[in-house]
Structure formats: structure tokens, C-alpha cells
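Reader: I would like to learn how to read a model of this kind. Please take me through it feature by feature.

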Amino acid sequence: MVSYGCGNGCGADMEYIGDGDWKCPTCGKVIAFGEPDEEDDDNGEALSVWDAADIYLSRGFDEDYRFGYTHEELMKALGK
Ligand SMILES: [Zn+2]
């Protein structure tokens, strides 16, 4: 059986409370083991058209920096 520590040095096994969350019975700390790690998530997947337009502009309208948007959409976001 796998046991998890809460990180506070309680020495108690975490209790599963559902939805991927584990709770320490001693200090009550909840750790969501089921949550995706969002560190280093800079693939630009959720980049807004405005952010994309700023980058597109700063790159001198390089088509490699359109982030899935069209030139027209990016120009519109820039107010041009
Ligand atoms: Zn604890």
C-alpha cells in the first residue's frame, strides 16, 4: 500500500477524500495529487489573441509567432 506524507512532518498517512485530493488527518492539510502540474506549461496553448498580437508585433510580424491566429486577427487585436 502506498502512503503519502503531508510534508509537515506529521508522520501520519494521508487519507483519500475524493477527486484526487488527499487530506492529512493530523494537521488537516489537503494535497491535490490528481491535479496536473502546470509548471513549465509555456507551450502557448491558451495564449489570448491580444498576448499573441503583442508578441507577433514585437517579432516584426514573423509568421512563426502567430500562435494559431491569422495575420488579420492579430492586426485587429492590435487595433490596426
Ligand atoms: Zn500533516
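Author: The turns below go from confidence to strands and then to a single loop residue.

Author: This is a predicted model, in which local features need pLDDT of at least 70, side-chain atom pairs count only at pLDDT 80 or more, and totals for chains, interfaces and linings use all residues. Residues are numbered from 1 along each chain as its sequence is written.

Reader: What average pLDDT does the protein have?

Author: pLDDT is the predictor's confidence in each residue, from 0 to 100. Where it is low, the predicted coordinates should not be read in detail. Here the protein averages 83, and 79% of the residues score at least 70. Confidence is highest in helix α2 (residues 71-77), at 96, and lowest in β3, at a mean of 86.

Reader: How many helices and strands does the protein have?

Author: Helices (H or I, at least four residues) and strands (E, at least two) are DSSP runs, numbered from the N terminus. The protein has three strands and two helices, in the pattern β-β-β-α-α along the sequence.

Reader: In which order do the strands lie in the sheet?

Author: Strands of a sheet pair through backbone hydrogen bonds, either parallel or antiparallel. Two strands count as paired if DSSP finds at least two bridges between them. In this model the three strands form an open sheet in the order β1-β2-β3, with antiparallel pairing. β1 (15-18) and β3 (30-32) are at the edges with a single partner strand each, so one side of each has no neighbour in the sheet.

Reader: Which residues show the pairing?

Author: β1 and β2 are joined by three bridges, and Tyr16 stands opposite Trp22 in β2. These two strands form a hairpin with two residues between them, and Asp19 in the turn has a positive phi of about 55 degrees.

Reader: Is Pro25 buried or exposed?

Author: A residue is buried if 20 or more other C-beta atoms lie within 10 Å of its own, exposed if 12 or fewer, and partly exposed in between, with C-beta atoms placed from the backbone. Pro25 lies in the loop between β2 and β3. Pro25 is exposed, because 12 other C-beta atoms are within 10 Å. Across the protein, buried residues make up 8% of the 80 residues.

Reader: Which residues is Pro25 in contact with, leaving aside its neighbours within four places in sequence?

Author: Two residues are in contact if their C-beta atoms, placed from the backbone, lie within 7 Å. With those neighbours left aside, Pro25 is in contact with Ala12 and Glu15. Pro25 and Glu15 are ten residues apart along the chain, and their C-alpha atoms are separated by 6.7 Å.
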